[in-house]
Amino acid sequence: MAKEKDFVKEITPQSEDFSRWYIDTITKADLMDYSPVRGCIVFKPDGYELWEAVQRELDRRFKETGHRNAYFPLFIPESFFEKEKEHIEGFNPELPWVTEVGDEKLEERLAVRPTSETIFGYMYSQWIQSYRDLPVLINQWANVVRWEKRTLPFLRTSEFLWQEGHTAHATAEEAEHETRQMLDVYTDFVENELSIPIIRGQKTPSEKFPGAIATYSIEAIMKDGKAIQAGTSHYLGDNFARSFNIKFLDRDNERKYVYTTSWGMSTRIIGALIMVHGDDRGLQLPPRIAPTQVMIIPIGPAKTRERVLAATDEVFHELKSHNIRVRVDDREDLSPGWKFNEYEMRGIPLRLELGPRDLDANQAVLVRRDTGEKEVVPLSSLTERVHSLLGEIQKSMYDRALAFRTDRSQPAETIEQLHDIVRNKRSFALAGWCGDDICEAKVKEETGATSRNIPFDPPQVMTTCVTCGKQAQYTVWFARAY
RNA sequence: CGGAGUUUAGCGCAGCUUGGUAGCGCGCCUGCCUUGGGAGCAGGAGGUCACAGGUUCGAAUCCUGUAACUCCGACCA
């Protein structure tokens with residue numbers, strides 16, 4: 001056991017200090033570095049590749065549901081924000097402003113975008129004339145800035161990367177459908193690609209997006225019991241249409257406001273991925289999202305080296321030709337043991353060892369990152385086994401995360417119970433809520449937990465408000481959150 | 001933005017109390033040797049001690065200020 005610890009001496013164990021563990025892990029795994037600008041990080045290649053994988057899979061789903069990408073400006077005129085009162089109030093405290101260029105003051109201040117509803121709204125008002133122009137289904141991949149007081153790499157940085165979809169529809173029903181559809185897309189992506197089980201639901205009024213009629217979210221539990229909002233989808237009604245005068249002439253020859261939606265997922269999802277699956281050895285990446293799925297490590301002394309390398313090369317090309325993301329680490333100056341530990345820390349799902357003894361027996365050794373299980377596989381069925389193992393790892397990581405969440409979810413009848421569940425048991429608490437903002441605020445005040453969402457399919461229905469004891473209108477998940 | 005802590009070589013740290021010109025481990029470079037769970041030996045390179053002032057003959061060390069990071073709170077993808 002002492003030896004076990006030695007392998008990961010650079011990483012603080014989760015049980016000792018989860019925050020330290022997180023920082024240690026993302027640093028040692030080389031995902032990011034701090035930048036000279038407060039609250040901003042550099043996404044190093046290994047971290048950025050994760051984002052690229054997220055982009056690849058999300059983008060595919062957006063296109064499949066009829067969306068197209070575009071790019072809107074980074075700068076947004078001040079007057080745009082003022083058109084939607086709730087919106088500007090929500091974002092004002094964290095907006096950076098461009099006020100001058102060179103030595104000249106600008107006529108109008110420009111905000112560095114925190115989100116793009118307003119500028120999309122303005123452009124849509126120019127583009128949409130007729131019902132024949134609808135729906136407009138546009139997504140953009142962009143950076144946005146929100147000047148955060150308290151930052152944490154990936155989870156909350158002053159500048160972050162995301163995608164924001166903005167759509168306009170002829171009817172409320174169609175826009176509502178779009179809002180729910182994109183929540184489904186996020187759910188599918190997060191559960192199937194990232195192996196993270198999520199809770200789908202609607203945000204309470206106090207937690208919804210500034211300017212939205214309804215905000216839906218998917219929420220995930222981290223290994224320290226805290227929640228991360230992994231994605232949001234907003235039904236904006238005709239709020240932005242009225243603010244920006246987005247009207248169309250309908251079939252009945254009447255001018256009507258459009259109904260809009262917006263939905264986003266950010267680089268925060270990388271933080272969630274790390275905190276859901278990581279362990280004391282470091283990262284653990286689900287195969288479908290892992291930039292490298294299999295790392296081949298050739299083993300053996302100099303006299304067998306050539307023979308081993310020829311074999312690894314063959315295996316490498318074989319796996320690659322079957323669309324498996326595979327790499328070989330044939331560096332001679334590092335011992336196999338060092339590499340084993342290194343790639344476990346970096347979260348690569350599967351390790352393939354190939355040495356002289358294996359070659360003599362026409363086999364290879366496969367080792368799973370998630371369970372540590374080692375198995376010997378005949379070279380003749382290697383590709384097939386790698387394929388099936390990657391699938392098994394993907395599923396088993398999901399199952400494990402789901403079991404964890406189930407274990408860390410409890411009903412709370414009273415605010416004292418809720419406090420105990422979220423703080424001492426580090427779990428999610430399911431509780432009834434009467435619908436009064438004051439009762440919700442009181443939970444936050446007394447327990448530190450916020451309402452995560454009102455789930456679509458709660459495991460049970462809670463009948464009394466956790467705060468005031470009156471008849472509950474809603475069943476709500478509460479948790480401490482990032 | 002408040003409270004606490006940290007900042008010395010790429011990383012982790014010692015030195016600071018009691019001022020005298022900077023050290024340890026890992027990593028890095030060279031060579032030899034090694035390779036199935038972070039090998040070994042020998043030699044070597046590397047530091048405006050976060051930044052700006054001040055005290056002093058002399059400051060990593062004492063004083064003042066600033067910044068960044070981490071943790072804890074108030075606000076948020």
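The legends below describe close-up views of a predicted model.

**View 1. The domains of chain A.** The domain assignment divides chain A into domain 1, covering residues 2-277, domain 2, covering 294-389, and domain 3, covering 409-479. Taken over C-alpha atoms, the centres of domain 1 and domain 2 are separated by 39 Å.

**View 2. The surface near RNA strand B.** RNA strand B is surrounded by 48 residues, and the closest of these are Ser19, Ser335, Gly337, Gly355 and Arg357. Six elements, namely helix H2 (18-28), strand E11 (227-237), helix H10 (302-321), helix H11 (336-345), helix H12 (356-360) and strand E18 (363-368), each give two or more residues to this surface. The greatest contribution comes from H11, which gives eight residues. Sorted by class, the surface near RNA strand B consists of 19 nonpolar, 14 polar and 15 charged residues.

View 3. In soluble globular proteins, nonpolar side chains tend to be buried together. The largest nonpolar core in this model has 90 residues, and Leu418, Ala429 and Phe478 are the ones with the most contacts inside it. Helix H9 (residues 268-277) supplies the largest share of this core, with seven residues.

**View 4. The surroundings of Phe478.** When residues up to four places away in sequence are left out, Phe478 touches Leu418, Val422, Ala429, Ala431, Val443, Ala449, Thr450, Ser451 and Arg452. Two of these partners, Leu418 and Ala429, are named together with Phe478 as having the most contacts inside the largest nonpolar core.

View 5. Strands of a sheet pair through backbone hydrogen bonds, either parallel or antiparallel. Here 11 strands follow the order E3-E7-E8-E14-E11-E10-E9-E22-E23-E21-E20 in an open sheet with mixed pairing. At its edges are strand E3 (68-69) and strand E20 (409-412), each of which pairs on one side only. Within the sheet, strand E8 (residues 159-169) and strand E14 (residues 259-266) run antiparallel and are joined by eight bridges, with Thr167 having Thr261 in E14 as its bridge partner.

**View 6. Strand E6 and its partners.** Strand E6 (residues 104-112) pairs in the antiparallel sense with strand E4 (residues 75-77) over three bridges, and the bridge partner of Pro77 in E6 is Leu110. Strand E5 (residues 97-101) also pairs with E6 in the antiparallel sense, over four bridges, and Val101 stands opposite Glu104. The hairpin of E5 and E6 has two residues between the strands, and Gly102 takes a positive phi near 60° there.

Conventions:
Residues numbered from 1 in each chain as written. Chains lettered and ligands numbered in written order. Predicted model: local features only at pLDDT ≥ 70, side-chain atom pairs only at ≥ 80, totals over all residues. Near = placed C-beta within 6 Å. Nonpolar A, V, L, I, M, F, W, Y, C, P; charged D, E, K, R; others polar. Core = buried A, V, L, I, M, F, W, Y, C linked by C-beta atoms within 7 Å. Buried ≥ 20, exposed ≤ 12 C-beta atoms within 10 Å, placed from the backbone. Contact = placed C-beta atoms within 7 Å. Domains from an automatic or database assignment. Pairing = 2+ DSSP bridges.
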